[in-house]
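Please look through the sequence and the model before reading on.

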Amino acid sequence: MADMNNARIIAIRADGSAAIGSGHIRRVGLLADHLRRGGLAPVLLCNPEASEIFPDALHSFAAVHPVTDEAGARTLLADRYPQGIAGVFFDHYGLDATDHQLYRSIAPHLSGIDDLANRPLDWDILFDINLGRSPADYASLVPPQTAIHLGRDYQIVRPEFHQRRDTCLKARKARGDRLERGLIAMGGTDPQGLTHSLLNVTAATLPDVAIDVISGSVSPELPRLRSAAARLGPRVALHVDTPDVAELMCRADLGIGAGGTMTWERNMLGLPSILLV
């Protein structure tokens, strides 16, 4: 890790919760890994709940600071890092230009990720990874000098997906159109509580197909999933807080799950999928 006394500090602002999920926190954690390798010191500003329920996702940061509002976050940065902040990076869809501007007095550079194009943003660099997005979508939402980078090439995906891509695609091509294994993954928290129903429907609809189910340990669905997996027998495997998502995706012939970050992981490994919004 970079020496906090000598390295340039990059503040990252993101939240996570049972309702929001862990996607933002995990995505900026990957960004933090890259920043640390570049000799920078990434510090995370997040809501208190995120630091409580996703502790495994916080190891990439040089420091983690729970915050409840942007004025308090700005004051914390100014007080805690008097040597200065090199920049602030936002991965937070609940903040807009009014919030961003609070950080201008302590950081010379602001940037961030957006997926919505639905509110004013005050950033020097903007990333939007959605397919079909155009710079015109942000024309009235950002300052004229903002550099806008669009498209899936800017998505942040865990290294193991890059590493497994070629091998996985070759294996998938060799298997052809066989449907022998399915994968259900509704994210780490499944705030809509859909995984249990999806498992029952999939098991009934595809009685000869093995099913892997991914769940986070913080999901309220977990007790019901354990019971369902026991009832359905050995063709159902429940994976809790698994580090082997890429391997499970490679083995699967069909993915069923939520959008978000996993959309790009499935895409990278060529996994045909049914997505729920």
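The model described here is predicted.

## The second largest pocket

The second largest pocket, with a volume of about 190 Å³, is lined by Arg152, Asp153, Gln155, Val157, His162, Arg165, Trp264, Asn267 and Met268. Helix H5 (159-175) and helix H9 (261-268) each supply at least two residues of this lining, and H9 gives the most, with three residues. By residue type, the lining divides into three nonpolar, three polar and three charged residues.

In soluble globular proteins, nonpolar side chains tend to be buried together. In this model the largest nonpolar core has 27 residues, of which Val43, Leu45, Leu77, Ile85, Val88 and Tyr103 touch the most other members. Strand E1 (9-14), strand E2 (41-46), helix H3 (70-80) and strand E4 (85-91) each supply at least two residues of this core. A second, separate core of 21 residues includes Ile10, Ile12, Phe54 and Ile113.

Leaving aside residues up to four places away in sequence, Leu45 touches Ala11, Ile12, Arg13, Ala14, His65, Val67, Ala73, Leu76, Leu77 and Tyr103.

## Cysteines

A disulfide is a covalent bond between the sulfur atoms of two cysteines. With a disulfide taken as a pair of cysteine sulfur atoms within 2.5 Å, the count comes to zero. Cys168 counts as buried because its relative accessibility is 2%, under the 20% cut-off, and Cys250, with a relative accessible area of 11%, is buried as well.

Notes:
Residues are numbered from 1 along each chain as its sequence is written. This is a predicted model: local features need pLDDT of at least 70, side-chain atom pairs count only at pLDDT 80 or more; totals for chains, interfaces and linings use all residues. Side-chain values use heavy atoms; hydrogens and water are left out. Buried means under 20% relative accessible area, exposed over 50%, partly exposed in between (1.4 Å probe, protein chains only). On a 1 Å grid over the protein atoms alone, a cavity is a set of points where a 1.4 Å probe fits but cannot get out, and a pocket is an open set with protein on both sides within 12 Å along at least five of seven lines; lining residues have an atom within 4 Å of a point. Grid points are joined across faces, edges and corners, and a volume is the space filled by probe spheres set on the points. Helices (H or I, at least four residues) and strands (E, at least two) are DSSP runs, numbered from the N terminus. Ala, Val, Leu, Ile, Met, Phe, Trp, Tyr, Cys and Pro count as nonpolar, Asp, Glu, Lys and Arg as charged, and the others, Gly among them, as polar. A nonpolar core is a set of buried Ala, Val, Leu, Ile, Met, Phe, Trp, Tyr and Cys residues joined through side-chain atoms within 4.5 Å. Contact means heavy atoms within 4.5 Å.
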